[in-house]
Amino acid sequence: MKNALGRDVPGHPYLGLQPIERIEYKQIKSLKEDRKDKVHYDLESFIKTLPLEDKMTLSFHHHLRNGDFVMNQVMAEVAKSGVKNLTICASSIFPTHAPLVSLIEQKTITKIIASYISGPVADAISEGKLEDVCLLQTHGYRATSIMSDETSIDIAFIAAPACSPEGNITGSMGPSGCGVLGYAIADAWYAKRVVAVTDFLVDVLVPEIPACCVDDVVKVDRIGDPDGIVSGTTKITRDPVGLRIAKSTAELMKATGLLKNGFTFQTGAGGISLAVAKEIHALCLNENIKGKFASGGITSYLVKMLEDGVFEELYDVQCFELDAVESIKRNPNHHKMSAAKYADIHDPDNIVNQLDFVILGATEIDLDFNVNVTTGSDGRIMGGSGGHADTAYGAKFAIIVSKLVSSRISVVVDQVTTITTPGGTVDVLVTDRGIAIHPRHQALIDHLKATTNLPIVEIQTLYQRALALTGIPEKTQNLGRIVALSQYRDGTILDVIRQIDTAE
Amino acid sequence: MLRRSALFMPGNNPAMLLSAPILGSDCIIFDLEDSVSLNQKDSARLLVKHAIETLDFGSVEVVVRINPVSSQGWKQDLREIVPVYPDAIMIPKACKEDVEEIERFILEIEEEKQLTKKVKLMIIVETAYGIETIVETLRCSRRIECVLLGAEDLTTDLGIKRTKEGYEIDYARAKVAMAARAFSVQAMDTPFTDVEDTEGLVKDTLHAKSLGFSAKACIHPNQIDAIHAVFDPTQSEIDSAIEILEERDRALSSGLGVFSIHGKMIDLPVIQRAQNIVDLARKTGKLK
């Protein structure tokens, strides 16, 4: 069936932006006792005690990012039990999770639900190795689907940087401290069984996940590699082209009139996005503008902005850097939040709905402003929405920043390979060769043209400018079976991702 | 043409050439000389030629710095570059004799290829001889639009140390600025070579501006905005200029020859300066 964006999709097609029908979440499962005998000291023997069955759903969070040891450790033991056809519901999957590929090939894992997948597992899915269809959800919808029982988790394995014998968990302490466990909260409260896997058994006075959620605590040697947990890659770009994009973005934000006392802001950890934060930082200090909050994944730079008084508060769903981990321990205005508080569509007070600005990237953006951050232009999975579609929907002004041409490939295309974020929720594209504002904002376009020197053009003009540099790229078309679905924050299907041809 | 900044860019780097139109500089100087090694001269020449032919530079002025007359490559540079209509050719180590020889050769190319537009010249004075004979050099060609002081080569020629403060080039700066003004040619200041030191760049540019320079060359894109900020009129300058021009219009319509603002008599040089500020503000977009 064709959805509202013209894509042929199975299941519930995306119908366009619809009024939200609030749903009541199921009752939270019965609470666990506050016992100290939950602790097990051997993962292998503990896994043998679990009532594992074929077709179960096991969940994991990705706060340890590319330094995570837990998913590989647990799944290696689970595989030994001989169970098959498991669903892995992981908030994200990184290159470090390469060992899962052999479990996919052995049919131990036949379905994956995640918000972002990169590396060998993404390749395996693209190459058709996963038996069932992978579901790529937004961060918000992952929480929604768990809380609404659409995704019913049998066992949640929660990598716990610090955990008490009773099962009180925090991300703020321990050798693998990652700050926040926002993406694990729904799993902890709604999974049928919750297993904390920790390398730091200690009294936890202020838990993010309380002991009443946790059935078992398993002590292992190490849950992660700190070098891979907090990224060292979140640096402000020094590329002059990227810096010009950031400067234009800041000028545009100011010109919208929304950049005033009490403004709210989210930006990613990419080089250009961070450069936008730096521009906004300077602008706010110069003009004495104080924002209400910044949110999302928190970088060192956002911590600096909080400490300089540019924002009153930070709402943090995951810490990208060590400074953020430290800040959340000591700064009472740096708040932890769950994925549901961040972006659950049925929570009218969610954080994304309160955003004025969000700065986002794009692998492709098309003439209808649909954005792809899920696949490359060859259709190979290399990411996923994360919070992209959630924040674009919620923010008053969703800004995509990108070089128009990168490595001889245009970011503007006639149709994106995969729709991650519907164009109806994207407001503007800022590139090094012009700024395109969605035509539904004609009054803003007229205002900006009259009052600023910003290079406002139609997105078609940007497309033509790109083609003048790159030539017209040859179309690739994947005709293989559907290997993954791009699922929107309301649960509808935006697009399909097909098996890629690996014959060449 | 608005020319506050001129960014030097090596001619042999395709990725940099591609981004030339979008870095925010008023003028781009594709370099075939010092930043290109001898074994890259041919490829740089062809790359720059194709870049000029292919890319849309919009309002960015395109200048090519050729190799000096003392080298072997300058004629080939001109043969390739002049026919693709750059806005200007930049002549390094300029003196009257070299400029005359280059102009003769350009004229030959223009006639042979029947080019419809004459290419302009920018010169770099960067030797003691070049500084001391600048008046003769400026007098010898009507194509010269801009003179750039090259302080690195000049201080090498003088055998003195180049400093951040730049006291050692004060004489050269004053001489270039004065001579340029005498021939209604723009004076462009030497690049500030510490690309990390924006504060130093601003200070250096302000000093050059105070001596009569209205543009500054740069060697990194991140220097462009700071240079523009120095040469752009401030909001109070713009407001004051507008007030002067409005008073002038009122005075003219009332048949008054002279007028005053806030008790100060406004004469012709002040009106001209106000007009220059408003023109510059319009060009830079600070005044719609």
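In which crossing, left-handed or right-handed, does H11(B) pass H12(B)? In this predicted model, the crossing of H11(B) past H12(B) is left-handed. Helix H11 of chain B spans residues 235-253, and helix H12 of chain B spans residues 268-284. Their axes come within 8 Å and cross at roughly 125°. H11(B) and H12(B) are therefore oblique to each other. On the H11(B) side, the contact is formed by B:Glu237, B:Ile238, B:Ala241, B:Ile242, B:Ile244, B:Leu245 and B:Arg248. H12(B) contributes B:Val270, B:Ile271, B:Ala274, B:Gln275, B:Ile277, B:Val278 and B:Ala281. The residues of this contact comprise 11 nonpolar, 1 polar and 2 charged.

The domain assignment divides chain B into domain 1 (5-231) and domain 2 (235-284). The C-alpha centres of these two domains of chain B lie 34 Å apart.

Chain B also touches chain A. In this interface, 8 residues of chain B are in contact with 8 residues of chain A. The chain B side has 4 nonpolar and 4 polar residues, with no charged residues.

In chain A, A:Lys278 was examined individually. A:Lys278 sits in helix H9 (residues 271-287) of chain A. A:Lys278 has 18 other C-beta atoms within 10 Å and is therefore partly exposed. Leaving aside residues up to four places away in sequence, A:Lys278 touches A:Ile236 and A:Tyr301. A:Met305 is 27 residues from A:Lys278 in sequence. In space, A:Lys278 and A:Met305 are 8.7 Å apart, C-alpha to C-alpha.

Note on methods
Residues are numbered from 1 along each chain as its sequence is written. Chains are lettered from A and ligands numbered from 1 in the order in which they are written. This is a predicted model: local features need pLDDT of at least 70, side-chain atom pairs count only at pLDDT 80 or more; totals for chains, interfaces and linings use all residues. Two residues are in contact if their C-beta atoms, placed from the backbone, lie within 7 Å. Ala, Val, Leu, Ile, Met, Phe, Trp, Tyr, Cys and Pro count as nonpolar, Asp, Glu, Lys and Arg as charged, and the others, Gly among them, as polar. Domain bounds come from an automatic or database domain assignment. Helices (H or I, at least four residues) and strands (E, at least two) are DSSP runs, numbered from the N terminus. A residue is buried if 20 or more other C-beta atoms lie within 10 Å of its own, exposed if 12 or fewer, and partly exposed in between; C-beta atoms are placed from the backbone. Axes are lines fitted to C-alpha atoms, for helices over the stretch in contact, and angles run from 0 to 180 degrees between N-to-C directions. Angles under 35 degrees count as roughly parallel, over 145 as roughly antiparallel, 65 to 115 as roughly perpendicular and the rest as oblique. A crossing is left-handed if the near helix is turned anticlockwise from the far one by less than a right angle, and right-handed if clockwise.
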